[in-house]
Amino acid sequence: MIESPLISAATAHDLTISDPSRLCWMDCRFDLKDTEAGRRNYQAGHVPGARYAHLDRDLSDPVTPGHTGRHPLPDPEDFAATLRRWGISQDTHVIAYDDGRGPFASRLWWMLHWVGHSHQSVLDGGFTQWTQLGYPRDTVTPSPAQGDFQAKVNQHLTVTAEEVRATLGSGDWGMVDCRSAHRFAGHADPMDQPAGHIPGAANLPHGDTLNAEGSFRSPEELKARLERVLGSRATEQTIAYCGSGVSSCHVILASVYAGLGLPRNYIGSWSHWITDPARPIERSVAT
């Protein structure tokens, strides 16, 4: 049974007082249109003790045009070395946050599961909620002692393009596209061309898992939304994807929070699917 993937700002603040030695705060703020904005924001102020995780450099491998999606996974041993550099061991409680809406922090949360780490949370409401509650922040970049984490990859959390294609037309598998309804439908896509979605996928934009305040909806609400999209299929028979394997992690986290378990992640997602023109594309609108 996976522990709750979310932690409130109040609970996290209490832990920084009662058990700080076991905590590792990770600042995952990022902007796809300005890839250094997150680091600048981190340098301007972050949760005390937080390290900074850069989506492109720390949580992804370099892109190989025409062969990978926009955010391919790093080599697991390289990623484990990065975790050790951040001071992370197997018993470290990692708390990840971004500005508040969650996809970048969820990417780190999911990757920790992927390499076999056992204790991680996403700050519900993110840095926005932390600062609104008046909790402290600083500008110090920490120099943590080396951790001793060792990776043990869970291959069952991912799925390849070939495996996705093999499920097409099968009623046994469900697939959820976590991008906006506009991109799913096949309108002009600002990130990836051609536009559209994988045939048979249903759409649940990752932002629909949040309430008006930017926190996750209740487990009951999330369960109802996911089941409307995916029916009663077991999560082991469910695939999540998005544009590049980032916001899919956010919906996977929502599934866990709803008590439904971990769907499989097509990490290459749409930006990888379209690298092969032989892979089928479906659209809901004329383009």
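Strand 8 (residues 238-241) is covered on both faces: T238 and A240 on one side, and I239 and Y241 on the other, are all buried. Buried denotes under 20% relative accessible area, with a 1.4 Å probe and protein chains only. In a regular strand, side chains alternate between the two faces of the sheet.

The model is predicted, and local features need pLDDT of at least 70, side-chain atom pairs count only at pLDDT 80 or more, while totals for chains, interfaces and linings use all residues. Residues are numbered from 1 along each chain as its sequence is written, and side-chain values use heavy atoms, with hydrogens and water left out.

Helices (H or I, at least four residues) and strands (E, at least two) are DSSP runs numbered from the N terminus. Two strands pair if DSSP finds at least two bridges between them.

| Strands | Bridges | Residues opposite each other |
|---|---|---|
| strand 6 (residues 174-177) and strand 8 | four bridges | D177 and Y241 |
| strand 8 and strand 9 (residues 264-265) | two bridges | A240 and N265 |

Five strands form an open sheet with parallel pairing, in the order 1-5-4-2-3. Strand 1 (6-7) and strand 3 stand at its edges with a single partner strand each, so one side of each has no neighbour in the sheet. Helix 4 (residues 103-114) packs on the sheet and touches strand 2, strand 4 (93-97) and strand 5 (120-123); contact means heavy atoms within 4.5 Å.

In helix 2 (residues 37-44), the buried residues are A37, G38 and Y42. Their cover includes strand 2 (23-27) and strand 3 (51-52).

Methods
Buried < 20%, exposed > 50% of the residue type's maximum accessible area, 1.4 Å probe, protein only. Axes fitted to C-alpha atoms, helices over the stretch in contact; angles between N-to-C directions.
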